[in-house]
Amino acid sequence: MSNAKERKHAKKMRNQPTNVTLFSGFAANRGVKHHNGGGKPAQTQKEESRSGTLQQLETKVTRHSLLDPDASEQSSSKVMFRKKGGWKAGPEGTSQEIPKYITASTFAQARAAEISAMLRAVTQKSSNSMVFQTLPRHMRRRAMSHNVKRLPRRLREIAQKEAEKAVHQKKKHSKNKCHKARRCHKNQVLEFNRRQKKNMWLETHIWHAKRFHMVKKWGYCLGERPTVKSHRACYRAMTNGCLLQDLSYYCCLELKGKEEEILKALSQMCSIDTGLTFAAVHCLSGKRQGSLMLYRANRYPREMLGPVTFIWKSERNPGDASESRQLWIWLHPTLKQDVLEEIKAVCQCVEPNKSTVCTPDPLLTPPQEKSQMELPDEKIGKKRKWKDDGENAKPVKKIIGDGTRDPHQPCSWVSPATCIVISDLTMEMNRYRLIGPLSHSILTEALKAASVHTEGEDTEKTPHCWWIETCKNPDNISLHHRQEAIFELLGGITSPAEIPAGTILGLTVGDPRINLPQKRSKALPDPEKCQDNEKVRQLLLEGVPVECTHSFIWNQAICKSVTENKISEQDLNRMRSELLVPGSQLVLGPQESKIPILLIHQPGKVTGEDRRGWGSGWDVLLPKGWGMAFWIPFIYRGARVGGLKEGLVHSQYKRSPNIPGDFPDCPAGIQFAKEQAKNLLEKYRRRPPAKRPNYVKLGTLAPFCCPWVQLTQDWESRVQAQEESSVSSSPNGGESDARRDEVPCAAIPEETVKLSVNEPREPEEAMDTRCQGQAGTERVGDQDAAESSAAATGGLLCVVRERKLLKQLSAWCGPSSGGSRAARPAPGRDQQDLTREACLSILGHFPRALVWVSLSLLRKGSPEPHTMICVPAKEDLLRLCQGQLYCGPQESKHSDPFKSKLLKQKEKKKMEKRQRRGSAAPEGLAGEDSTAGHEALTLGLWSGPLPAVTSHCSRVLLGFVTQGDFSMAVGCGEALGFVSLTGLLDMLSRQPADERGLVLLRPPASLQYRFARIAIEV
């Protein structure tokens, strides 16, 4: 109780001046008890001291009472006050002599300090609570918050001050910002435009924001995943139904010019070794969509820019060399800047096209919009009504631009030498992707071909003049009917996997909002639509004819007219309300909008031998402004919507690399790895040390990143050391040759060694790759700088994408015999055996390279990103053959050399903090600077340059996993990642023929290795 009384007394005395000492009962008692000697009890000593003090006071009062009556009055008051246990003069309780006279000014100053302290204690609150909360609960009333007179009189003044202070802190809202005004269309548009300054919205943003977790990425605000549990439902939609995705954030670059000039310029950025190029026959005619990897000019196989897809506009007059061609290149927004700059360089397009400079209208603020809408005859105090001035009415200005480019920069460039025009068409079109076997049925039910305009129809009120002019040509009408017939045939085909990959179909459709059903239903294939077996067979074998790939979406003027003349939802609803029979079909006639679209077939899984064609579907390109008009009809036909996470799962099940995370040799992939490591490190540091794994003890050097450069360097030095040791241990040439034949990949060709010696070496600290996740954001920047400089030199890192070599490696990875499902066929006519000469030739072209691989776990286990791919030892393979239930070896725990350093660092910080308490401010700043270098130490993470990553654990490291999870398609854990080419060849050459391709996987936070089979699918 004494401690509580002390705290209460200290709280009372905190506003008192320092020259005033008040007496409290418990303090006196404690003081007397402290000086209590032996013999008498405390109460007896207390009474004696009090009686002695009173006797002394009586004698002094009688001596001074004759001289000064005022003094006697003061002394008597002091005696009475002292009897009550109040003020006590002196530390020992003995009174001092009263002065004969006092100075009025000095006495007043001393009392003024006490009075001001008392007033301050009364007026100021001792807590952050409101005045109403200081009252007992039974005295509180709800009306006190707005009526001060409901409070007691002693609190009204303080409450009035609080109310005035709260009024000043409130933001001033405009008078017309009530709920009804905020729901007004023009105010909503202004607010939405303001919120799109940093991250652009797609046309389906509002729909996604109500149902998805939104993330801000790549200059856009995108839906990451649904708010409901839908992981399995989305997989079932991709397998048996239809999954819908909005890919309008993808960027489109348009090239116009002569075909020869375009092909000559772009041929420097691609290689025929990786597959088809821009000059592929089916793609060049406009019949198919192509895909390829872009590199910097003449830098293949290094300095990759990223993967792209492209579409050529079909030729109106085939064989005409003077005809100008159009090419669309679609790419991810993270790749746009690098690819655009390189294309401008190879096409020599340095001058911006003045006729098409992208200068969007400035963003209007609400006051500007208000002043713009005001009329001169309006009077203050009257409500304004919206007036339609017809042609003079100014529409609300919107910002429709691109989140990945500066809106004040030009969006078109022309080359005076080659006459090639490059245009940036990003956000000028919407792109939707439908995945699954029911995508055909949804497309054919939601979209209907536009009706052909006849001569007898009234054309005065129709705003679609371009369609009227098109229908005047009989050839255009016949082409439209052919496209409609092919489109109707798609409704009877059970799966898009039966269509040739990359097929393109152009079409002009009517407004899909007119055919919207009353309730959401599920579209199913109709076999009656494909009764003509001959036409269906021709479509499945040859694809769509070249003539039917034509679409008016290539014409920017027509797309602009279609966007501007769109019928609003309000007008459509008004027309529906005027129908005689509610719910009947709405017929607009010539006023119905005609929208040109382009259907592009997307192939599913095209690699490997199992599940071929899984995940195939169609992409729909349509003009901007029509996003929601097509989005809702697709959903009403049974399509399930997915986000970025579902797109990642789709690429993982297809076993294809995801953009940009699975491209470590391009700038976008390096930046993605840097940001991912930073986020994972922050998440790791937010958890206490007892609730997070200690990666140092688990033997995980890089839990948040993949040090690819150091991995390839370590394997090169490891194989070189093995070669030197084998040469030094065998003096006879025959034994050396025999050992080399036994281990064919144990040497590095002379060209590779010379290349590594002649390359410009960086300092020792720079060559040691640092982990992004273990030394803070500074080390993340160091890793990024090291890899970017490595890419600039062109001699450190690349990924093997040569198809011939990948087919050879795929044949070597499989076992030569056995009945397993992953067994590979025997080498063909063009394939070589795994010999020393073959390995040397491969390493001569790709000395430090990575290989994209897929891994399938043999038994239980679910891999995750940054899982380590390791080489199994001989005893591991032996135990696997002996026991079928053997899961894999287990890594022994490592010691943590940084734990003692961290404890010493904490003790040092404590000592310095104690020393800085009494020191001056500059010294304290110097002490902070001295300890700033030790903040990188984090318990559980490796600090400083990484040691050799390949030999840090008991099993040799081969690579890392970039995607991994339990696969519902095959019923086991599957992973995708990269391995070192040198390490892969070394492992395959050492493994027995029937056990070739077996590796070990170990997650970063586990000690358990699990067996998996490696495969390279081409």
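User: Where is leucine 119 found?

Analyst: Leucine 119 sits in helix H5, which covers residues 104–123. Helices (H or I, at least four residues) and strands (E, at least two) are DSSP runs, numbered from the N terminus. This is a predicted model: local features need pLDDT of at least 70, side-chain atom pairs count only at pLDDT 80 or more, and totals for chains, interfaces and linings use all residues. Residues are numbered from 1 along each chain as its sequence is written, and side-chain values use heavy atoms, leaving out hydrogens and water.

User: Is leucine 119 buried or partly exposed?

Analyst: Leucine 119 is partly exposed, at a relative accessible area of 48%. Buried means under 20% relative accessible area, exposed over 50%, and partly exposed in between (1.4 Å probe, protein chains only).

User: Which residues form a nonpolar patch on the surface?

Analyst: Ile115, Met118, Leu119 and Val122 do, with about 400 Å² of accessible area together. Areas come from the Shrake-Rupley method with a 1.4 Å probe; for residues, only the protein chains shown count as cover. Patches are made of residues with over 30% relative accessible area and no salt bridge; like charges are joined within 9 Å, nonpolar side chains (Val, Leu, Ile, Met, Phe, Trp, Tyr) within 5 Å.

User: Different topic. How many salt bridges does the structure hold?

Analyst: There are 27 salt bridges. A salt bridge is a side-chain nitrogen of Lys or Arg within 4 Å of a carboxyl oxygen of Asp or Glu.

User: What does lysine 336 meet in a salt bridge?

Analyst: Its partner is aspartate 424, at 2.7 Å from N to O. The pair links distant parts of the chain, with lysine 336 in helix H14 (residues 336–347) and aspartate 424 in strand E11 (residues 421–424), 88 residues apart. Both lysine 336 and aspartate 424 are buried.

User: And arginine 655, which residue does its side chain meet in a salt bridge?

Analyst: Aspartate 610, at 3.2 Å from N to O. Arginine 655 is in the loop between helix H23 (644–654) and helix H24 (667–686), and aspartate 610 is in the loop between strand E14 (594–602) and strand E15 (617–623), so the pair ties together parts 45 residues apart in sequence. Salt bridges that share partners also join Lys605, Asp610, Arg655, Glu974 and Glu1017 into one network.

User: How many helices and strands are there in the chain?

Analyst: The chain has 35 helices and 23 strands. Of its 1018 residues, 45% are buried.
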